[in-house]
Amino acid sequence: MIRGKVTGRVWSSKHIETMPSGALLEVEVAGSIIVAFDPLGCAEGEEVLITQGSVAAAFFTKQKAPIDALIIGSIDET
Amino acid sequence: MIRGKVTGRVWSSKHIETMPSGALLEVEVAGSIIVAFDPLGCAEGEEVLITQGSVAAAFFTKQKAPIDALIIGSIDET
Amino acid sequence: MIRGKVTGRVWSSKHIETMPSGALLEVEVAGSIIVAFDPLGCAEGEEVLITQGSVAAAFFTKQKAPIDALIIGSIDET
Amino acid sequence: MIRGKVTGRVWSSKHIETMPSGALLEVEVAGSIIVAFDPLGCAEGEEVLITQGSVAAAFFTKQKAPIDALIIGSIDET
Amino acid sequence: MIRGKVTGRVWSSKHIETMPSGALLEVEVAGSIIVAFDPLGCAEGEEVLITQGSVAAAFFTKQKAPIDALIIGSIDET
């Protein structure tokens, strides 16, 4: 997994039908931005853990979702 | 997912049989170019969201398609 | 696979339900940090071998786990 | 997908049994070289479109092939 | 696929149970090192072809193996 910091949110009104409803967050990972689906309700500035690829899509069990990046946890501050 | 900007279109007359008909767009992502299948009719200059790998291919349910990059949404201007 | 050195541990109290219980270790790989699930009880400073993607998730046979990086071995000192 | 230019061919007499017979081409993609299976008979200098990962392997339906990069089309000159 | 040169071997006495027995070779690919399973008995200095991801794991048909990089051929000297 990779860790990163939530930097914003993306909205997409025009999308394919299988897009799941929910938040698409921008996450900065080592200087790059990736967009991840967020099932946890994370906030801007939060440090998160992201899984990618078909492992991310497998989170969606009731429908097939075109999601290749998923926030799987928020990292505890230490 | 990654976000990028549509910069052009690619045509391929000589292709394998399982190539789906539809637009193949060039998208600039962080300075690199990737080519993604576009089921949404996006235009040059549009900001889009791309999913990759087997998750992209899974969009095609009636046939097996050799597509590893798919535009899943257009990003709303804010 | 990639090899790297364990540099720390990550805790995530707020996570999705399918997160397996066990250690999530930070591993430095060629200057970058990735977070991998550790079924072997590795310690900080240990050199490890990591497999990624759906191959990592396939390690979990009793449940579906959102794990895309798995420590599969500790590298012998030579 | 990624686009690149065919720069040469690779021969491998000593290979695993499931290697499909056919051409393995070297393709330059943004300054790097990848080796892709070519079912189309492309020539040196040709601009091609490559799909990667399990999507590339899925092209082979009669046997299981260890191919993670496949030329799916030749790009039309414009 | 990617091509690289074998630079050494890795031993891992402490590993997960599903690790297949056989050689794990270090291969230099464009300045980086990856570790690949070698079913062909390649030697140091040999130029090899590597397939990655779930395509590599699919080589193992009798057991499930946590292998995401596999040497599929040795490149002929020309």
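1. Of the 78 residues that make up chain A, 54% count as buried, where buried stands for a relative accessible area under 20%, exposed for one over 50%, and partly exposed for what lies in between, with a 1.4 Å probe and protein chains only. This is a predicted model, in which local features need pLDDT of at least 70, side-chain atom pairs count only at pLDDT 80 or more, and totals for chains, interfaces and linings use all residues. Residues are numbered from 1 along each chain as its sequence is written, chains are lettered from A and ligands numbered from 1 in the order in which they are written, and side-chain values use heavy atoms, with hydrogens and water left out.

2. The secondary structure of chain A consists of one helix and six strands, and from the N terminus on these elements follow the order β-β-β-β-β-α-β. Helices (H or I, at least four residues) and strands (E, at least two) are DSSP runs, numbered from the N terminus. The radius of gyration of chain A is 12 Å, close to the 12 Å that the globule rule gives for 78 residues, so chain A is as compact as a globular protein of that length; the radius is taken over C-alpha atoms, and the rule is 2.2 Å times the number of residues to the power 0.38.

3. Along its principal axes, the C-alpha trace of chain A spans about 40 × 25 × 20 Å. Among the contacts in chain A with a separation of 6 or more, 51% come from residues 24 or more positions apart, a contact being heavy atoms within 4.5 Å.

4. How are the copies related? The copies use different surfaces, since 4% of the contact residues of chain C recur in chain A.

5. The largest pocket holds about 1,800 Å³ of space. Of the 43 residues that line this pocket, the closest to its centre are Gln52(A), Gly53(A), Gln52(B), Gln52(C) and Gln52(D). On a 1 Å grid over the protein atoms alone, a pocket is an open set of points where a 1.4 Å probe fits, with protein on both sides within 12 Å along at least five of seven lines, and lining residues have an atom within 4 Å of a point. Grid points are joined across faces, edges and corners, and the volume is the space filled by probe spheres set on the points.

6. Ala30(B) deserves a look, for it has a positive phi of about 50° although it is not a glycine. Most residues other than glycine have a negative phi. Ala30(B) is exposed, with a relative accessible area of 81%. In chain E, Ala30(E) lies in the loop between strand S3 (23–29) and strand S4 (32–38), and its phi, too, is positive, near 50°.
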